[in-house]
Number of protein chains: 2
Amino acid sequence: MAALENFPTSVGIVLYPGFEVMDAAGPIEALNCLSEVAGENKMTFSIISRNLDPLSPGRNKFTAAQQYLPTHTFETAPQIDLLLVPGGWGSINFLPGSESNNVDDYTAYVRRAYHGYDEKQPLKFVMSVCNGTILLAQAGLLDGRKATTNKDFFKEIAQFGPKTHWLGRARWVADGNVWTTSGVSAGADGMLAFMSELLDRDLVTKVVNMMEWRRAETADDDPFAEIEGTHDILPKTAG
Amino acid sequence: MAALENFPTSVGIVLYPGFEVMDAAGPIEALNCLSEVAGENKMTFSIISRNLDPLSPGRNKFTAAQQYLPTHTFETAPQIDLLLVPGGWGSINFLPGSESNNVDDYTAYVRRAYHGYDEKQPLKFVMSVCNGTILLAQAGLLDGRKATTNKDFFKEIAQFGPKTHWLGRARWVADGNVWTTSGVSAGADGMLAFMSELLDRDLVTKVVNMMEWRRAETADDDPFAEIEGTHDILPKTAG
């Protein structure tokens, strides 16, 4: 049996100015290691943005020096099976003093990709990291689902998904084909949990050992729930 | 007292084709968070390579889609106080079938930067991640020092530093101003340990919580030593 038989091989990430480096790099590192240890060469990766301009994370001069190149625009993006949606200051437009990056066009792409558009099939899986959940919530993908997000700003971000059951103690949550993870580093744990659902255990262990990742083995191994004092937020009922 | 008074504010990383994503992104994420929570805007970052061509990590078509832009060449690099040296397939030229990237020019830059050159002051600190130790060893910076490296390929990499005491169980090692860390994810733990030496505890806690990083609190919290069966390798004595 081919090692990647059940795994989505066309992976994409939406990247916008002000993304968080590790939100992207954690899952990407795990996928890079998988592409190495699987001993096949059939995985592809696309970095999708509103245009092909270089993108910087963060929001200060230190992060501005870091520049990443997209491979595709929303219009030229290929068929994607697994879409990663990182968080970062760039998707936050509700905090005083923060500069909105206006990610409405990203939200629109995520919605279209999830459901399928033009000649494209629907996504098989989508995974947000940290406050990338804002884009999923605004795209309507979290309505009626369980989800989590980063533990600081937990309440503020939950307001974007009033029809969502937000889990206050979760390193990651899977509800159907929609995966959400807690903040920043939790993205790698979420991706490893995702791999564990679809791949042989030995293969995932190889990825973990290559990364030397001190893994959260279970979703509730989330020390930042206690540190930040987060609790479940239930969906608001109508009326 | 200024929060960053004792911290090296001119940070650089040498980046070569075939670097490992998380080797770079782990320490960078911690530094990005520090630049955010310190409430100052005096940290600068430089990405230094042999030329300004975009750089990809790894060694297959999946990683080739990921491209990062250097900010400086060896010739144009500014004064650096803290230099990061990531590992990756690109610095390995001893494994059968691997394609050497010939990082001799990187090794030469690391040696010159460490000792100071032209109008440049010596580095205040250097930190390698994973098999970035190969560059430090070849630059002579590990002679007579204690160091560690990634736990797979531990013995193979230790051969590059015959005058080094290689610690088989260490998430990171500091010897003078030369820091070395274990593989990939250990780079973030090493950077957080480095910050803990130079910054107020509260500031480092803010960085850890922002990253939601499940931190190795002590250097010997290294589960991969047991998994890979690594032991100390003592320096070879002459004769």
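The crossing of H1(A) and H1(B) is left-handed, meaning that the near helix is turned anticlockwise from the far one by less than a right angle. This is a predicted model, in which local features need pLDDT of at least 70 and side-chain atom pairs count only at pLDDT 80 or more, while totals for chains, interfaces and linings use all residues. Residues are numbered from 1 along each chain as its sequence is written, chains are lettered from A and ligands numbered from 1 in written order, and side-chain values use heavy atoms, leaving out hydrogens and water.

Both helices span residues 21-37, and their axes come within 9 Å and cross at roughly 165° (axes are lines fitted to C-alpha atoms, for helices over the stretch in contact, with angles from 0 to 180 degrees between N-to-C directions). That makes H1(A) roughly antiparallel to H1(B), the word for angles over 145 degrees. Helices (H or I, at least four residues) and strands (E, at least two) are DSSP runs, numbered from the N terminus.

Over in chain B, an open sheet of seven strands runs in the order S4-S2-S1-S5-S6-S10-S9, with mixed pairing; strands pair if DSSP finds at least two bridges between them. S4 (72-73) and S9 (172-175) of chain B stand at the edges with a single partner strand each, so one side of each is left without a neighbour in the sheet. S9(B) pairs with S10(B) (residues 178-181) in the antiparallel sense over four bridges, and B:Trp179 in S10(B) is the bridge partner of B:Ala174. H1(B) packs on this sheet, touching S1, S2 and S5 of chain B (contact means heavy atoms within 4.5 Å).

Methods: Parallel < 35°, antiparallel > 145°, perpendicular 65-115°, else oblique.
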